[in-house]
Amino acid sequence: PSRLAREARTSSRLEGLYVPHWTFDAKTRSHYRGRRGDVYYETRIVERIVDGRRVRQTVQVPKIRWTPVQGQLARDFDDLLVAAGSELPSHLVARLEPWDLRGLKPYAPEYVAGFGAELYDLPVGAAHERALAAMRAQIEEAVRFAIGGDQQVIERLDIRVSDETYKLVLLPVWVARFQFLGKPYQVLVNGRT
């Protein structure tokens, strides 16, 4: 509504806020074992009643042919992000991705001058657990793709993680807050892209 646009323009200010994130790098090597399912069809003749008459029809019945599979997968992760702040709603911060991290610079006070900067409240250990879970989910997706077929079953997945590094980064977000019909709203904009 035009009244909403007017309210957003007049009562809100766009403020810059640096939001903390942990970023993780790692090399992974995985061994998997499972089954590949390929769908095929068998022709069957069935009897049905159509308009009160017994009729024989041919139908295609789907079946799955399972084949055992195993393999290895190498996957390197670079700058896997885990949000570390709680000032902004996490579901909104997640929607700011993807971030362009190529221009990251070491901290200098002049970069944050005039902007808010949130302190992290997610410890690195807890962030590391979330990063490992995200890596596992991406590796499982890659294994399913490698297995191929119409269906996949992963029976065993052993993941070895090495060369892990992490750092804390502050990512720029533009934030606007306003109320409309008594309900608060927030607008977040990725300040990098």
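In this predicted model, what covers the buried residues of helix H4 includes S1, S2 and S4. Those buried residues of H4 are Ala127, Ala131, Met135, Ile139, Val143 and Ile147.

**Helix H4**
- Helix H4 covers residues 124–147, and because its 24 residues should span 34 Å at 1.5 Å a residue, the 34 Å between its end C-alpha atoms agrees with that expectation.
- An α-helix has 3.6 residues a turn, so residues three or four places apart point the same way.
- Just after H4 comes glycine 148, which takes a positive phi of about 75 degrees.

**Largest pocket**
- The largest pocket holds about 440 Å³ of space, and among the 18 residues that line it, Tyr18, Gly103, Leu104, Lys105 and Leu170 lie nearest its centre.
- Helix H3 (109–112) and strand S4 (151–180) each supply at least two residues of this lining, with S4 giving the largest share, 6 residues.
- Sorted by class, the lining of the largest pocket consists of 12 nonpolar, 2 polar and 4 charged residues.

**Second largest pocket**
- About 280 Å³ of space lies in the second largest pocket, which is lined by 18 residues, the closest to its centre being Val82, Ala83, Ala84, Ser90 and Val93.
- Strand S1 (15–50), strand S2 (53–83) and helix H2 (90–94) are the elements that give two or more residues to the lining of the second largest pocket.
- The class make-up of the lining of the second largest pocket is 10 nonpolar, 4 polar and 4 charged residues.

How values were computed. Residues numbered from 1 in each chain as written. Predicted model: local features only at pLDDT ≥ 70, side-chain atom pairs only at ≥ 80, totals over all residues. Heavy atoms only, no water. 1 Å grid on protein atoms, 1.4 Å probe; cavity = no way out; pocket = protein on both sides within 12 Å on 5 of 7 lines; lining within 4 Å. Points joined across faces, edges and corners; volume = space filled by probe spheres on them. Helix = DSSP H or I, 4+ residues; strand = E, 2+ residues; numbered from the N terminus. Nonpolar A, V, L, I, M, F, W, Y, C, P; charged D, E, K, R; others polar. Expected span 1.5 Å × (residues − 1). Buried < 20%, exposed > 50% of the residue type's maximum accessible area, 1.4 Å probe, protein only. Contact = heavy atoms within 4.5 Å.
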